[in-house]
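Have a look at the sequence and the model, then read on.

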Amino acid sequence: MYKLNEHNSIQRLSDNASIPQEPQNRDYQQFLQDVKVNGLTIVEGADVIEPDYVALRTGVDGYASTGEQFGMQTDGTWDAHIADVKTRFPKTITGGTTIADVPAWVQEEADKVELQQEYI
Amino acid sequence: MAITINGSGTVTGLSVGGLPDGTVDSGTLATDSVTAVKIPDTVESSLKSGRKNLIINGGFDVWQRGTGRVFGSNTYTSDRWTEGQYQQAGHEKVAVTDTAVPFKSAMRVTSSSTAEVSSGTRMALATMLESVDSERYAGKTVTLSFWVRFSAATLAGATTGWYSQLSEYDSVDPVLYATGATRTNSVNIPNGSYPTTWTKYEQTVTCGAGMKNLGARFLFSNQINTTSNSDFWYEITGVQLEEGSVATDFEHRSYGEELALCQRYFQYNPRVLGVWTSISAFRFTHSFTCKMRATPTVTLTGLTDYHELYNSAGYNGLSSVSYNQTSSFGADIKLTSSATSGRLYGDPSLLNQTALSYDAEL
């Protein structure tokens, strides 16, 4: 079983390996073989994540980095910064995750490969 | 014609073949009586020098993935060596103690109780060169040599013998042991004659004009399943593939050289600095030790002791590679932790060495 990740890298769920879209990579070649044999049922689309308030508060638009915090605590702006972040990202933002469709390139690339038979 | 020795010591009249085999030996010729300038150019050009062995890790000295016994199929064990597709076998490192054999390490291939696809195992050991190292030998003669010994002269079930094999592929860097190869079997040691002491063998093949990849493989010719794992074994080392029809002495390379050659196909991450991009994930980049053969597969190699933060005590719990823009030159990766670290966007992170493996094997 496989799952697509950000930037279309492929996660092999049996060992959590991350496989690139690289024609010369043997794991990618095997991925296409597996899709050709088993169909798209073995591939799950990428997660589409709606961030919750925790992720937003700790993300790029949230709390200042640890280094910046030292300065804020010195100049007295720290409390206002905390209040501002909490206002912009209230706890009512609970977020969620949905699964995207498997993009067309997966089947298209699998259709191109030649099936490898067992070698004796 | 009469043989004449004139007054100045010149000998004439000696016919071609006039000195029978064995009559001129090291005792006949004084030390340094034949100098380098007297070696004909036609002979000197055939002498081998430098980098003659096309096989990487033919002495089985490099085991980045670990030296313990691993059973599997199509998994790499010793660097550059695998069981090959469908062929179940156990692979492990063993020491060579026979002082008459010029090696310190060997690969032991053990029998398996696990069936392959067609209900048996040939206990295979395989490696393959990539195209950039193979194509120059198209149309030329190459010789494979190796040392091997078995656990017994007769092995129950291994009825039709054991052999070495050279494989040629007409496509660039195909799946390992893919269909469509031209394979030449040789050596063919019959059951009952398996050597139990280290013995050297060789096999010579003239490659096809269209050859793009060369591979070497060792295996039994029939499928075997043993009652339990490791009921019997063979050990192999000193694998050399060289141009020409003669197997010369093995080319020993230093461990550092051999490791560097292997890292084109497999390596671990160094200790590297990264940046937290969320409360549970951080991103980092680093260059590889050398340019890898292809963009590698990235695998978490354990689930604890993965990374540290400011605190020197470390922090565990990375769970997946959630973002991967790695190329053959270097890694560009985001790792996600299953635990909430409490770190903020922009905070630094530190990834321990060997937390990730990069695999670009054929």
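Where in chain B is B:Arg80 found? B:Arg80 sits in the loop between strand 3 (70-72) and strand 4 of chain B. Helices (H or I, at least four residues) and strands (E, at least two) are DSSP runs, numbered from the N terminus.

Before going further, some ground rules. This is a predicted model, in which local features need pLDDT of at least 70 and side-chain atom pairs count only at pLDDT 80 or more, while totals for chains, interfaces and linings use all residues. Residues are numbered from 1 along each chain as its sequence is written, chains are lettered from A and ligands numbered from 1 in the order in which they are written, and side-chain values use heavy atoms, with hydrogens and water left out.

**The two chains at a glance**

The model scores ipTM 0.79 and pTM 0.84. The table uses pLDDT, the predictor's confidence in each residue, from 0 to 100. Buried means under 20% relative accessible area, exposed over 50%, and partly exposed in between (1.4 Å probe, protein chains only). Accessible areas come from the Shrake-Rupley method with a 1.4 Å probe, and for residues only the protein chains shown count as cover.

| Property | Chain A | Chain B |
|---|---|---|
| Helices and strands | 5 helices, 6 strands | 3 helices, 21 strands |
| Buried residues | 38% of 120 residues | 50% of 362 residues |
| Accessible surface | about 6,700 Å² | about 15,700 Å² |
| Average pLDDT | 88 | 85 |

In chain A, 96% of the residues score a pLDDT of at least 70; in chain B, 88% do. Where pLDDT is low, the predicted coordinates should not be read in detail.

**Chain A**

Start at the N terminus of chain A and the elements run β-β-β-α-β-β-α-α-α-β-α.

What about its overall shape? The C-alpha trace of chain A spans about 75 × 30 × 20 Å along its principal axes. Its radius of gyration is 22 Å, whereas a compact globule of 120 residues would have one near 14 Å. That radius is taken over C-alpha atoms, and the globule rule is 2.2 Å times the number of residues to the power 0.38.

Now zoom in on helix 5 (residues 104-112) of chain A, whose buried residues are A:Trp105, A:Val106 and A:Ala110. They sit on the same side of helix 5 of chain A because they cover an arc of only 130° around the axis. The arc is that of the directions from the helix axis to the C-beta atoms. Their cover includes strand 1 (2-4), strand 2 (10-12) and helix 1 (26-38) of chain A.

A:Val35 lies in that helix 1 of chain A, and is buried, with a relative accessible area of 0%. Contact here means heavy atoms within 4.5 Å. Neighbours within four places in sequence aside, A:Val35 is in contact with residues including A:Val106 and A:Ala110. The C-alpha atoms of A:Val35 and A:Pro90, by comparison, are 43 Å apart.

**Chain B**

Back to B:Arg80: it has a positive phi of about 75° although it is not a glycine, and at 2% relative accessibility it counts as buried. B:Met123 also has a positive phi, about 55°, and is not a glycine either. You'll find B:Met123 in the loop between strand 5 and strand 6 (125-128) of chain B, buried with a relative accessible area of 0%.

Which residues touch the most other members of the largest nonpolar core? Of its 36 residues, they are B:Trp162, B:Phe218, B:Phe220, B:Tyr234 and B:Ile236. Strand 7 (141-150) of chain B is one of the strands that supply at least two residues of this core, and with 5 residues it gives the largest share. A nonpolar core is a set of buried Ala, Val, Leu, Ile, Met, Phe, Trp, Tyr and Cys residues joined through side-chain atoms within 4.5 Å.

Leaving aside neighbours within four places in sequence, B:Phe218 is in contact with residues including B:Met123, B:Trp162, B:Tyr234 and B:Ile236. Apart from this core lies another, of 18 residues, among them B:Trp276 and B:Phe282.
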